[in-house]
Amino acid sequence: MSENHLFAAIRAAVPSPDKPLALLADGSVVTYGEMLALSGQIAGLLVARGVKPGDRVAVQAEKSWPCLALYLATLRAGAVYLPLNTGYTLNEVRYFLGDAEPTLFVCRPEVAVEARALANELGVPRLETLGADGTGSLTDAAATFAPDFDDVARGPDDLAAILYTSGTTGRAKGAMLSHGNLLSNARALRECWRFTADDVLIHALPLFHTHGLFVAVNIVLLSGASMFFRAKFDPRETIELMDRATCLMGVPTFYTRLLDQPELTRAATAHMRLFISGSAPLLAETHRAFRERTGHAILERYGMTETCMNTSNPYEGERIAGTVGFPLPGVSIRITDPASGAELSMGEIGMVEVKGPNVTKGYWRMPEKTASEFHDGYFITGDLGRIDERGYLSIVGRGKDLVITGGFNVYPKEVEGEIDAIDGVLESAVIGVPHPDFGEGVTAVVVPAKGANLTEQSVLHALEGRLAKFKQPKRVFFVGELPRNTMGKVQKNVLRDSYKDIYRRSA
Ligand code: AMP
């Protein structure tokens, strides 16, 4: 092993030092050469601060191009990048620092004083700051280091990153991702989605999640492509950028918000070659509406923090709404019976299990948890799905969201599909909450469309005859919007908590 597995591939893909890599909101351009130079300087600083190969570098910083350089610098120094959601409070950050024991914590300048106290308390030796504008003690100190850095050798099995799962219940788990996991996955996606140096991606996703960091950034780098690099997603601006861009990677809410803009038209999207969606289910309705309006079929893919990407709808060939396509090259998917573990046949709903070079080595310092998440070499995703006769995978929901009512299994997605089809319904979430007779009661939380005149009775009435009695909601509630996390996922645990007492027998 003489080279840095992931970074050597990134370096080899640099088309030329003056090629634009990141096109920033203020109109300035960061070239590949500038990114290499800053990442080299920061890598020099990391080593000087005592960061050794395998050490963790925890980062809670706003999206900026120096933050991207910090990710690359960490790889180059042979250390492990640990990005944290910028929404976490320092109280939440305490857990991650305590669990991961980083050598360096890079925080936002606004919280430097409290962060330093926390770092001292937890024995984190070094702290630097990095602000939204890319300034801070990190970049100040890095400026005194040489841009040339001798990349630390790392093999495919060495850790490149730890990402704590956005798991909404229980203790957050740090998924350990190796150089081999990240490189193999980015290469597979680059081929599947036909990325080349001519591509210009609209990058408006956060940098602390697998989607924005690994799917988006690694593919751009490995293709020698460019990206419009934006701190936040703004649907209007995104549409304006489309005549100079070729691809958008987004979560489903990007697409629903784009559809709200009358400026989203066939003409406005004519220069784009690809719209990709993932991280949460894209409603079939959104897929259809987007196609009608723009002529583009959104390409939906499926993955998770622990496995990087698993499946994708085809680039050429039919992109089927409501499905997440086929396994990526080198990835195997199977569906098993959640109770017995036996493999199920085509068309049957069960646990999605995945195996391949993309799959995590396990959870940081949780060997038992890791062992219990693997089944004969396959990773148990926790998602329920089915594979149809053409080989397309559909995700039916999270295993833990399955509702068991009176001993019957109810898949929320099936009920949500029927509710969403009712006139006047914008979207819905179906949950199971404790019920004295049935164990769990199927419960619907509905967002009505503007001006719709829906009542609990009208929704229940519309479902009669469309769903078996046991699948029909016992109660229907209306809300202005569903609770979502930063990646656009509906937080069903929040809903379950809000409605947990509704069937309780009055004493
Ligand atoms: P995360 O680890 O935050 O990326 O979340 C991964 C989870 O998001 C998966 O296990 C799925 O439950 C969900 N997910 C990701 N992509 C899709 C998709 N295209 N359709 C449905 N669910 C998805």
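View 1. Ile335 stands opposite Val352, a residue of β17, in a model that is predicted, where local features need pLDDT of at least 70, side-chain atom pairs count only at pLDDT 80 or more, and totals for chains, interfaces and linings use all residues. Residues are numbered from 1 along each chain as its sequence is written, and side-chain values use heavy atoms, with hydrogens and water left out. Strand β16 (residues 332-336) pairs with β17 in the antiparallel sense over five bridges; two strands are said to pair if DSSP finds at least two bridges between them. Strands here (E, at least two residues) and helices (H or I, at least four residues) are DSSP runs, numbered from the N terminus. β17 itself spans residues 350-355, and five of its six residues are buried, where buried means under 20% relative accessible area, exposed means over 50%, and partly exposed lies in between (1.4 Å probe, protein chains only). Strand β20 (residues 378-387) is joined to β17 by four bridges, and these two strands run antiparallel. Within that pairing, Met351 has Leu384 of β20 as its bridge partner.

View 2. In the case of Lys489, a polar side-chain atom lies 2.9 Å from an oxygen atom of the ligand. Taken alone, the ligand exposes 500 Å², of which the protein buries 93%; accessible areas come from the Shrake-Rupley method with a 1.4 Å probe, and for residues only the protein chains shown count as cover.

**View 3. Helix α1 and what covers its buried residues.** Helix α1 (residues 5-12) has Leu6, Phe7, Ala8, Ala9 and Ile10 among its buried residues. The cover over the buried residues of α1 includes α2 (32-48), α3 (65-76), α7 (179-192) and α8 (210-223).

**View 4. An open sheet of nine strands.** The nine strands follow the order β2-β1-β10-β9-β11-β12-β13-β14-β15, and their pairing is mixed. Because β2 (29-31) and β15 (326-327) stand at the edges, each with a single partner strand, one side of each is left without a neighbour in the sheet. Strand β11 (residues 247-250) pairs with strand β12 (residues 274-277) in the parallel sense over four bridges, and Cys247 stands opposite Leu274 in β12.

**View 5. Two residues with positive phi.** Most residues other than glycine have a negative phi, and most peptide bonds are trans. Arg194, a residue other than glycine, has a positive phi near 60°; Arg194 is placed in the loop between α7 and β9 (200-203) and is partly exposed, with a relative accessible area of 36%. Cys308 also has a positive phi, near 55°, but is found in strand β14 (residues 308-312) and is buried, with a relative accessible area of 2%.

**View 6. Asp401 and its contact with Arg496.** Asp401 lies in the loop between β21 and β22 (403-405) and is buried, with a relative accessible area of 10%. The side chains of Asp401 and Arg496 are joined by a polar contact of 2.9 Å; a polar contact is a pair of N or O atoms within 3.5 Å, and within protein one must be able to donate a hydrogen and the other to accept it, while residues adjacent in sequence count only if both atoms are side-chain atoms. Leaving aside residues up to four places away in sequence, Asp401 touches Pro412, Lys492 and Arg496, where contact means heavy atoms within 4.5 Å.
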